[in-house]
Structures are given as C-alpha cells and as structure tokens.
Amino acid sequence: MIKVAVDAMGGDYAPAEIVKGAVEAAREKTQIQVILVGQEDIVKKELEKQDYPRDRVSVVHASEVIETEEPPVNAIRKKKDSSIVVGMNMVKKQEADAFVSAGSSGAILVGGQVIVGRIKGVERPPLAPLIPTETGVSLLVDCGANVGARASHLVQFARMGSIYMEHVIGIKHPRVAIVNIGAEEEKGNALVKETFPLLKECKDINFIGSIEAREIPHGGADVIVCEAFVGNVILKLYEGVGATLINKVKGGMMVNLRSKIGALLVKPALKETLKTFDASQYGGAPLLGLNGLVVKTHGNSKAVEVKNSIIQCVTFKEQEINEKIRESLKPEEAGQENQEA
C-alpha cells in the first residue's frame with residue numbers, strides 16, 4: 001500500500017477539485033491510500049459529496065493554510081500547522097510515502113529542502129515535469145526550483161532525470177540534451193559552455209549534446225536539462241501555445257455548416273490526439289533528490305491532474321527512485337569526502 005498525503009487546501013480550486021481528484025485516484029488504484037491534509041470540517045464536507053473507499057481515504061487536520069503570496073521561508077517557519085508543513089512532516093516521519101500539493105510553489109520548494117531534506121550528495125533538488133511531445137513525453141529539468149544554478153547542479157539534474165525516465169517511464173538509455181541556442185558545442189551562455197563538457201564526460205548518461213527549443217516538441221531528447229529560469233519560460237510558453245492552438249482548432253471547426261459537419265467526423269480521432277498534448281494527463285512535477293517524494297502540481301489543477309499526480313507516486317515508490325539516485329551519487333560523495341580529508 002502506497003500512502004500519499006495530499007494538500008487539500010492548496011491550489012485555485014481547493015478543496016473541491018483536490019478532494020475529487022484524490023478520491024478518483026483511490027478508486028482507480030487499489031494500492032493507494034490517500035491522506036487528505038487540511039481543515040478537517042471543510043475537507044470532510046467535500047468528501048460527503050463523493051462516493052469513496054472509506055478504508056483508503058482519510059483526513060488529517062491542519063488548521064492553517066499557506067497563501068501563494070506569503071514569503072515562503074517565513075510561512076514554513078511560522079505556520080507549523082499548515083497543510084504543507086503537516087503533509088511534509090508526514091513524509092519526513094515516514095507516515096506517508098509521498099506528498100502532493102497544488103499550493104505555493106515557494107513554500108513547497110523551501111519545505112521540501114528544510115523539512116523532508118535532500119539526499120546526501122544532492123546539491124540542489126530540481127522540479128521535473130513531464131511534457132508532451134510528438135513521440136511521447138520528455139522530462140524538463142529544472143522548470144522552476146533553481147534560478148541561477150551552477151554547472152555541477154545541471155550535471156546532477158541530468159543524472160537524476162535520466163534515472164527517472166528509465167525507471168518511471170521505461171525508456172532505456174534516455175537521450176539527455178542541454179537547452180542551447182544552437183547545436184554547436186561552442187554556442188551558448190557561460191553556464192551552458194561550462195556544463196557541456198562536464199555532461200560529455202558523464203559515463204552514466206546518454207548525452208547527445210545541445211537541443212534548441214524548437215526541437216523539444218518533436219521529442220528531440222528524453223531529458224531536457226536547463227536552469228530554472230529557462231525551464232520555466234519553456235514550460236509556460238509550451239502550455240500557452242498548446243492551449244491557444246487547441247482553441248484555434250475548435251474555433252475553426254465552428255465557422256460554417258461544412259466545417260461543423262467535418263468536425264463531427266473527425267471529433268473522436270481529434271479528441272484522442274489533443275489528449276496526448278494535454279499536460280494534465282502526466283501529473284505533477286516531482287522535486288527530485290529529496291529523502292522522500294514531493295510532487296508539485298499546477299496551481300490551477302483540476303481533479304484529473306490531481307488524480308494523475310497521486311497515481312504517478314506509485315511508480316516512483318515501486319521503482320525506488322530515491323534509492324537509485326542515492327546509489328548513483330555515491331562515487332561523488334566519496335570524492336567529496338576525500339577532498340575534505
């Protein structure tokens with residue numbers, strides 16, 4: 001049984017959509033036990049509207065809520081009984097295998113490092129969402145946790161991302177590429193130029209060189225490595241362009257009678273195609289490199305994304321991703337300890 005603590009109070013549509021998504025996850029996967037963390041009376045009121053497995057869905061009371069606009073460090077320190085802090089402490093104490101939240105990104109990043117803690121040897125935990133491509137999915141790492149990352153951080157992002165794609169998504173020897181403004185090795189800013197040769201030297205990843213942004217939607221690499229500023233811009237533009245194109249296609253089909261008839265004919269196939277480019281189908285972004293699993297979902301997540309974020313925790317736990325990351329960093333730890341000696 002995989003125990004997943006869920007922040008019932010975080011996100012634009014909390015608690016209704018969060019509770020609904022949590023219940024759907026528990027119904028779909030019998031090995032999941034969901035623990036909804038939040039203001040008990042409000043959460044239970046939402047639960048009453050749902051038909052749920054009572055032996056696998058429970059509520060843990062947390063009296064406080066961390067708002068999006070609050071300074072993250074102060075919020076984590078002062079609001080000890082918030083849904084984010086209580087949920088992360090459950091992971092720390094191994095009362096839960098994972099924590100999922102659509103709440104404050106800053107608070108989740110701070111809480112993940114301060115409360116759950118980093119795996120020994122991990123310099124900076126990155127946020128790593130799956131993004132849809134023409135050939136399947138790619139992992140974008142980092143998409144928002146470490147603005148101003150160093151070259152050594154990006155190398156670790158590549159290694160952790162490679163482990164995730166191989167063991168969670170099932171891609172053998174995943175192709176790793178660094179985001180750049182050209183394919184040539186000599187191109188890029190100072191960070192990319194410093195990181196590129198380090199990635200080439202990594203024997204435990206399948207590094208294929210640089211990738212330009214236009215190649216990402218085509219599935220040019222399985223692991224897309226960049227620092228958080230670049231990654232966040234890519235992710236937000238990706239989502240915006242995707243939503244705009246879908247609206248344009250739908251609008252074009254309603255122009256006249258002929259287009260409406262055509263729309264009826266292609267609707268089933270088009271619906272399936274567009275579904276593959278819906279980011280909500282792939283769950284949230286795990287914060288890789290922590291001692292426990294923390295998953296950040298979009299602030300505007302509806303039930304389907306919450307459900308998928310919870311379900312992805314099962315594979316992460318079953319494949320022992322944290323243990324594999326810890327094992328991959330042991331040679332680095334030994335080298336660091338020798339240098340300190």
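In which sense do strands β10 and β11 pair, and over how many bridges? Select β10 (residues 285-286) and β11: the pairing is antiparallel, over 2 bridges. Strands here are DSSP runs of E of at least two residues, and helices are runs of H or I of at least four residues, numbered from the N terminus; two strands pair if DSSP finds at least two bridges between them. The model is a predicted one, in which local features need pLDDT of at least 70 and side-chain atom pairs count only at pLDDT 80 or more, while totals for chains, interfaces and linings use all residues. Residues are numbered from 1 along each chain as its sequence is written, and side-chain values use heavy atoms, with hydrogens and water left out.

**Around β11**

Within this pair, Pro286 has Val295 of β11 as its bridge partner. The two strands form a hairpin with 6 residues between them, and Gly289 in the turn has a positive phi of about 95°. Next, select β4 (residues 98-101), which runs parallel to β11 and is joined to it by 4 bridges; Ala98 is partnered by Leu293. Now show the side chains of β11 (residues 293-296): Leu293 and Val295 point one way, Val294 and Lys296 the other, and all are buried. Buried means under 20% relative accessible area, exposed over 50%, and partly exposed in between, with a 1.4 Å probe and protein chains only.

**The five-stranded sheet**

Move to the open, mixed sheet of 5 strands in the order β5-β6-β9-β7-β8. The edges are β5 (130-133) and β8 (206-211); each has a single partner strand, so one side of each lacks a neighbour in the sheet. Neighbouring strands are turned by 30° against each other on average, direction ignored; axes are lines fitted to C-alpha atoms, for helices over the stretch in contact, and angles run from 0 to 180 degrees between N-to-C directions. Helix α8 (residues 228-252) packs on the sheet, touching β5, β6 and β7 (175-179), and its direction makes about 50° with that of β5. Contact means heavy atoms within 4.5 Å. Inside the sheet, β6 (residues 136-141) and β9 (residues 223-225) run parallel, joined by 3 bridges, with Leu140 opposite Ile224.

**The nonpolar cores**

Select Val225, which touches residues including Val141, Leu154, Phe157 and Ile178, not counting those up to four places away in sequence. Val225 is among the residues that touch the most other members of the largest nonpolar core, which has 64 residues. Such a core is a set of buried Ala, Val, Leu, Ile, Met, Phe, Trp, Tyr and Cys residues joined through side-chain atoms within 4.5 Å. Helix α6 (residues 151-169) gives the most to this core, with 10 residues. Apart from it lies another core of 38 residues, including Phe99 and Val294.
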